[in-house]
Amino acid sequence: MIRDEELKNRWERVQTQLSKQFADGEMMDLDAIIYLIGVQELGQLHKKFKKDHKIDLMHIAICKLLEPYGYYEFDYVDEDGWPHYKILEHLPVLKAGEQSIMMKEAIVTYFLEKEYIK
C-alpha cells in the first residue's frame, strides 16, 4: 500500500513537471510522456517527426524503459542515429490497468535515474 502511494506521488510529480515544461501546464498523459522519452533517447530534440516516426519514438522509449526489467537489450544505433533493441523476453500478458502501472513505474524510475525528480 505504501509503495502504491509512493508511486502515485512520484508519477504525479513527473507528470506535473513535464506538463509545465513541455505542455504549458496542460496535463500530459502516459502516451505523451512515453513519446517525450523517445525523443530524448533519440537525441533529436528539435526535429519535427511524421506520424510513423512518432510510433517508432514510442517504441524506442518503451524498449529503454523496460530494459532494466530484462525485456529488452540495447543492440546498436543505425546510420540515421536511431537506437535499436533486441527482445530478451516477451512481455507478460497484462490487463490494461496493469500495463499502465508497469509503465508509470518504469517512467518514474527513468526520471529518478536522470535526477529529474527526487
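Predicted model: local features only at pLDDT ≥ 70, side-chain atom pairs only at ≥ 80, totals over all residues.
Local features need pLDDT of at least 70, side-chain atom pairs count only at pLDDT 80 or more, and totals for chains, interfaces and linings use all residues. Residues are numbered from 1 along each chain as its sequence is written, and side-chain values use heavy atoms, leaving out hydrogens and water.

Start with the fold. The protein has four helices and two strands, taken as DSSP runs (helices H or I, at least four residues; strands E, at least two) and numbered from the N terminus. Along the sequence the pattern is α-α-α-β-β-α.

Next, the dimensions. The C-alpha trace spans about 45 × 35 × 25 Å along its principal axes. Buried residues (under 20% relative accessible area, 1.4 Å probe, protein chains only) make up 32% of the 118 residues.

Now look inside. A nonpolar core is a set of buried Ala, Val, Leu, Ile, Met, Phe, Trp, Tyr and Cys residues joined through side-chain atoms within 4.5 Å. The largest has 26 residues, of which Ile-33, Ile-37, Leu-65, Ile-107 and Phe-111 touch the most other members. Helix 1 (2–22), helix 2 (30–42), helix 3 (51–66) and helix 4 (96–113) each give two or more residues to this core. Helix 4 supplies the largest share, seven residues.

Take Ile-33. Leaving aside neighbours within four places in sequence, Ile-33 is in contact (heavy atoms within 4.5 Å) with Trp-11, Gln-15, Leu-18, Met-28, Ile-107 and Phe-111. Another core, of six residues, lies apart from the largest one; among its members are Val-39, Leu-57, Ile-60 and Trp-82.

Notes
Buried < 20%, exposed > 50% of the residue type's maximum accessible area, 1.4 Å probe, protein only.
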